[in-house]
Number of protein chains: 2
Amino acid sequence: MRTIEWKHDGVHIIDQTKLPGKLVIIKCKDYERLARAIERMEIRGAPVIGVAAAMGIALAAKNSRGRTLVEIKKYLSKASEHFKATRPTARNLFWALERMKKLWVGALDPSDLVNDLIKEAVEMAEEDVRSCKAIGKNGAMLISDGDGILTYCNAGGLACVDYGTALGVIRSAFESGKKILVYVPETRPLLQGARLTAFELKSDGIPFKLITDNMVGYIMQNGLVDKVVVGADRITRRGDVFNKIGTYGIALMAKAHGIPFYAAAPYSSVDLSLTAEEVIIEKRKPEEITHITNVRIAPEGVEVLNPAFDRTPRELLSGIITERGVAYPPYDLSIFFRKSH
Amino acid sequence: MRTIEWKHDGVHIIDQTKLPGKLVIIKCKDYERLARAIERMEIRGAPVIGVAAAMGIALAAKNSRGRTLVEIKKYLSKASEHFKATRPTARNLFWALERMKKLWVGALDPSDLVNDLIKEAVEMAEEDVRSCKAIGKNGAMLISDGDGILTYCNAGGLACVDYGTALGVIRSAFESGKKILVYVPETRPLLQGARLTAFELKSDGIPFKLITDNMVGYIMQNGLVDKVVVGADRITRRGDVFNKIGTYGIALMAKAHGIPFYAAAPYSSVDLSLTAEEVIIEKRKPEEITHITNVRIAPEGVEVLNPAFDRTPRELLSGIITERGVAYPPYDLSIFFRKSH
């Protein structure tokens, strides 16, 4: 089962806020519902929210009541702005919308346009699966038999259409017969590690141990971690990595212990335009911190910080695992991806 | 209101598992109930569980149905072993039991013994308050006007009889008129930061922001932290600090950012006998990780790690704040405390 699928009656997604307790499918019949799903993190993970935005544009085109090309394009432009406003940090969202826009700005025929956009969005989902498989294969070469591997958040099949980026590497190493033990930090506030990564690894029978986020130093100090592999929401041309809040701390601790630290991501996460300082880090609502599973844990009226991402400077990375191979410092990802879209 | 008080009808403690939602007092009429309170962490924090164990021995003496000194001492010995088995890492528990034992092993008269033990336990509570005030005063000299201060877990009045160690430093700096802003990591699994430290700071009107444990790197990278002040459950003679799981990671991150990192603790936390390698780190039950506020967050049947403490090596500390002053490297705390008990 894929995280997202284009169907005749709309876009079907797995509701990730209900996992691991319940497997619920949400049928998004219009783009607004899909955009809301991204905001609510019913669907989350940089690669798949790119695909979701693309399918959202296809859905908007299909549902548009515009009679002329101009009217349809105006509607698609509105839908595109709507998606851009959902989550600012993941590069993939903007990448997907730019790619879809290239198709619709030049379109000459309304019915062709709808078909072309649907075809493109579906193709992007297929590409994402192929990318993850290639990332997995490329990254698995870095994993040794017997490794303890620390991952973070969920960079798994649920963050992508299928298979995953960091979990793609782990899956591929496991499938090739390497004995590995994965350490999974729970990843507060929304517990993507405890809920989603634990769910995926358990389903695949890959051995793992769940920890709280503050145990990372302890397991490194005790020699349990040989490699760190995380995902990425946005990677600058020079190799700075934006990923789930907490990634930077893990990278610092890995450095202090001499443990290799890798980010795994598809080209759609690479940002050739902005510098690290220009990237916007999404701030989410305080209730994600003051409440867990809808139960208040902190006193009423406390102030909180809730940045959803942090920046890991390139100096802390041992390499960036992509579908084209592994990039090593000094990074220039524009060269690395020169033949791409 | 103190965290623990000796009363005519038993030992009264604030139930810390119910905070911040409810202020519930538990009346422990026998030592077994008090030992259970330590195990369940209804009372927690190294300094105060030392005092609790001392009051537990006094309670055992008062309740003993032994008719001879030999019978009473046998009962006290049993109670002492019972307390030792509750939580292995905090030094203060063992320190308090040793101090009480010195009184009862040499006792010659049963009724004097009961009175002497009660008097000693009550005196230890008073000493703890005086120590915290002195720690606060000594530590406040390290804090500058305008500082952002990161603390961790709860080393506050609730971890002691009153006032607190790390929070004693923060309280003292605030009372002396310094403008400070405190950052409070929630401290999974049991959320002592979000529940207890937030409760204490809010009650005192000290400005603070609550964060998740994985935001420490982010706030340091963004220049928000000028000093780190944490408590300690056990400090070896050479200055290695055992404290709540996650402390080590914070110390590593502080080092990477050049931020001074202090531990604040009374003499009762200092261990002159064991080396860092010999200290036992308590492992607690998996449900603390897989459940939050009694709601399951992880899939059924996952394996977890749950060490309650970690070790911060002396190299990462800028100083150790005690009631006698601030110790700086190279640490030899046996000299520092040479005139003490």
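Which strands of chain A does helix H9 lie across? Select residues 247-257 of chain A: this is H9, and it lies across strand S4 (148-150), strand S7 (227-230) and strand S10 (261-264). Helices (H or I, at least four residues) and strands (E, at least two) are DSSP runs, numbered from the N terminus. H9 runs at about 145° to S10(A); axes are lines fitted to C-alpha atoms, for helices over the stretch in contact, and angles run from 0 to 180 degrees between N-to-C directions.

The model is predicted: local features need pLDDT of at least 70, side-chain atom pairs count only at pLDDT 80 or more, and totals for chains, interfaces and linings use all residues. Residues are numbered from 1 along each chain as its sequence is written, chains are lettered from A and ligands numbered from 1 in the order in which they are written, and side-chain values use heavy atoms, without hydrogens and water.

Next, show the sheet in chain A. Seven strands, in the order S6-S5-S4-S7-S10-S15-S16, form an open sheet with mixed pairing; two strands pair if DSSP finds at least two bridges between them. At the edges, pairing on one side only, are S6 (208-211) and S16 (325-327) of chain A. From one strand to the next the twist averages 25°.

Now select residues 181-185 of chain A, strand S5, which pairs with S6(A) in the parallel sense over four bridges. Tyr183(A) has Lys209(A) in S6(A) as its bridge partner.

Finally, display both chains. A rotation of 180° with 0.0 Å of shift along its axis superposes chain A on chain B, RMSD 0.0 Å (least squares on the C-alpha atoms of residues with pLDDT of at least 70 in both). The two copies are therefore related as by a two-fold rotation axis. Of the contact residues of chain A, 100% recur in chain B, so the same surface serves both copies.

Terms used
Contact means heavy atoms within 4.5 Å.
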